[in-house]
Amino acid sequence: MFARLLQRWEVSTSSGNHFQVLDGIRGVAILMVVVFHTFYTNSKSGFASEIIGHAIRGGWMGVPIFFVLSGFLITYPFFKGRRDNPDFFCPRGYVWRRLAKIAPPFYLSLALFTLFYWFRLHDSEYLKAAWLWAVGLEDYLMPTVPFNLSYWSLIVEAHFYALVPLLFFLTRKLSVGRTAVGLFLFFILLPLGLRLCAWHWEQHFTGNQLRFFLERFPFAQLDYFSWGV
């Protein structure tokens with residue numbers, strides 16, 4: 001009974017295929033991110049502790065690995081459709097699958113964090129931050145409180161999800177190969193251009209503002225996805 005209930009709520013894969021090797025890579029990436037956010041070592045405790053600390057801090061690379069995997073898995077059904085039909089630009093049910101996989105856990109975690117901060121700190125700034133995250137605006141503003149800074153990666157994913165069908169729509173009539181080259185160049189060059197602009201204007205930013213722009217501003221992290229494409 002429980003298994004049937006879970007199957008009813010299961011969201012089918014975007015690619016239409018199940019790649020076990022990618023599940024393994026995704027599992028490694030999850031462990032890297034969890035270790036990065038969970039464990040700490042004191043570098044002054046000795047050489048071994050310092051080496052372990054460096055390994056733990058390298059866990060941030062789990063997020064780019066996720067982005068590369070998304071680049072492949074999300075565009076895979078688009079390219080299959082383009083191979084069979086030059087006018088194809090979006091698989092059926094694409095928007096529903098993205099919303100069904102992201103929205104429920106995101107809003108559940110948002111509610112839980114909001115309750116935690118309110119009962120623990122009674123600070124209305126956290127309520128404001130929760131509202132901004134809920135409507136998708138917090139990622140465009142410098143945060144006033146550290147509500148959950150890890151949400152930035154979800155917003156970057158959402159940018160990619162929205163851009164893929166738009167780009168396939170704009171490249172209708174092109175072959176699979178030309179479409180792939182076009183998308184690769186777009187996802188490589190746009191973030192590079194944004195970062196170059198940010199570095200050129202860095203005298204107008206504080207250190208935190210520049211880092212915020214480079215890490216979280218729309219499209220500034222999309223070059224990771226290009227390798228998956």
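Helices here are DSSP runs of H or I with at least four residues, strands are runs of E with at least two, and both are numbered from the N terminus. You're looking at a predicted model, where local features need pLDDT of at least 70, side-chain atom pairs count only at pLDDT 80 or more, and totals for chains, interfaces and linings use all residues. Residues are numbered from 1 along each chain as its sequence is written, and side-chain values use heavy atoms, leaving out hydrogens and water.

**Whole chain.** Of the 229 residues, 36% count as buried (buried is under 20% relative accessible area, exposed over 50%, partly exposed in between, with a 1.4 Å probe and protein chains only).

**Stop 1: helix α8.** Select Leu 189, which lies in α8 (residues 176-200). Leu 189 is exposed, at 52% relative accessible area.

**Stop 2: α5 and α7.** Show residues 94-121 and 151-170: these helices, α5 and α7, pack at about 165 degrees with axes 12 Å apart. Axes are lines fitted to C-alpha atoms, for helices over the stretch in contact, and angles run from 0 to 180 degrees between N-to-C directions. That makes α5 and α7 roughly antiparallel (over 145 degrees; under 35 is roughly parallel, 65 to 115 roughly perpendicular, the rest oblique).

**Stop 3: salt bridges.** There are three to find, each a side-chain nitrogen of Lys or Arg within 4 Å of a carboxyl oxygen of Asp or Glu.

- Asp 23 and Arg 26 pair up with their closest N and O atoms 3.4 Å apart. Both sit in α2 (residues 20-38), three residues apart, about one turn of the helix.
- Asp 84 and Arg 83 come to 3.2 Å between closest N and O atoms, and both are exposed.
- Lys 173 and Asp 87 have their closest N and O atoms 3.0 Å apart. This pair links distant parts of the chain, 86 residues apart: Lys 173 is in the loop between α7 and α8, Asp 87 in the loop between α4 (62-84) and α5. Lys 173 is exposed at 62%, while Asp 87 is partly exposed at 34%.
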